[in-house]
Amino acid sequence: IRHTDLGSTHFARSRQLSALIRQGKVTLGGNAQLKIYGQLSCPSGKRMKPANRVFFLDATEAQQLGFRPCGHCMREEYGRWKGNVDGY
């Protein structure tokens, strides 16, 4: 789900996203340009441009679409993706 597809205004997008999170349809966010996904609370994700923001139901969906885990908020998953057991 692209962030910009959730509504034409910041308020509409925020409201729609909140509803999707409450319904359990969104659990992770990502950067479409960099192909990285992570927790919705990740500071790196919160700084990205709304035009690059995408949302996923779960990690499986993100990985199937070619995204990798965030090295900041998902260190363990990132470590496995990178091939290291301990993260970095």
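Where is the place of leucine 28? Leucine 28 sits in strand β1. This is a predicted model, in which local features need pLDDT of at least 70, side-chain atom pairs count only at pLDDT 80 or more, and totals for chains, interfaces and linings use all residues. Residues are numbered from 1 along each chain as its sequence is written, and side-chain values use heavy atoms, with hydrogens and water left out. Helices (H or I, at least four residues) and strands (E, at least two) are DSSP runs, numbered from the N terminus.

Leucine 28 counts as buried because its relative accessibility is 7%. Buried means under 20% relative accessible area, exposed means over 50%, and partly exposed lies in between (1.4 Å probe, protein chains only). Leucine 28 touches Tyr37, Gly38, Gln39, Leu40, Val54, Phe55, Phe56, Asp58 and Ala59, leaving aside residues up to four places away in sequence. Contact here means heavy atoms within 4.5 Å. Glutamine 39 is eleven residues from leucine 28 in sequence, and their C-alpha atoms are 5.1 Å apart.

Next, the partner strand. Strands β1 (residues 28-31) and β3 run antiparallel, joined by four bridges. Two strands pair if DSSP finds at least two bridges between them. Opposite leucine 28 stands phenylalanine 56 of β3. Strand β3 covers residues 53-56. Arg53 and Phe55 point one way from β3, while Val54 and Phe56 point the other way. All four are buried.

A pair of aromatic rings is described by the distance of the centres and the angle of the planes. Rings of Phe, Tyr and Trp (its six-membered ring) pair if their centres lie within 6.5 Å; planes under 30 degrees apart count as stacked, over 60 as edge-to-face and the rest as tilted. The count comes to two aromatic pairs. The rings of phenylalanine 56 and phenylalanine 67 are edge-to-face, because their centres are 4.9 Å apart and their planes stand at 70°. Phenylalanine 56 lies in β3 and phenylalanine 67 in the loop between α3 (59-64) and β4 (68-69), so the pair ties together parts eleven residues apart in sequence. Both phenylalanines are buried.

Tyrosine 78 and tryptophan 81 form a tilted pair, 5.6 Å centre to centre with 35° between the planes. They are three residues apart in helix α4, so about one helical turn separates them. Tyrosine 78 is buried at 11% relative accessible area, whereas tryptophan 81 is partly exposed at 47%. Arginine 68 lies over the face of tryptophan 81, 5.3 Å from the ring centre. A charge sits over a ring if NZ of Lys or CZ of Arg is within 6 Å of the ring centre and within 35 degrees of the ring normal.

Which side chains meet in a salt bridge? Those of glutamate 76 and arginine 80 do, at 3.1 Å, N to O. A salt bridge is a side-chain nitrogen of Lys or Arg within 4 Å of a carboxyl oxygen of Asp or Glu. The count comes to one. Glutamate 76 and arginine 80 are four residues apart in helix α4 (residues 75-82), so about one helical turn lies between them. Glutamate 76 is exposed at 53% relative accessibility, and arginine 80 is exposed at 52%.

Now the whole chain. Its secondary structure comes to four helices and four strands, in the pattern α-β-β-α-β-α-β-α along the sequence. Buried residues make up 35% of the 88 residues.
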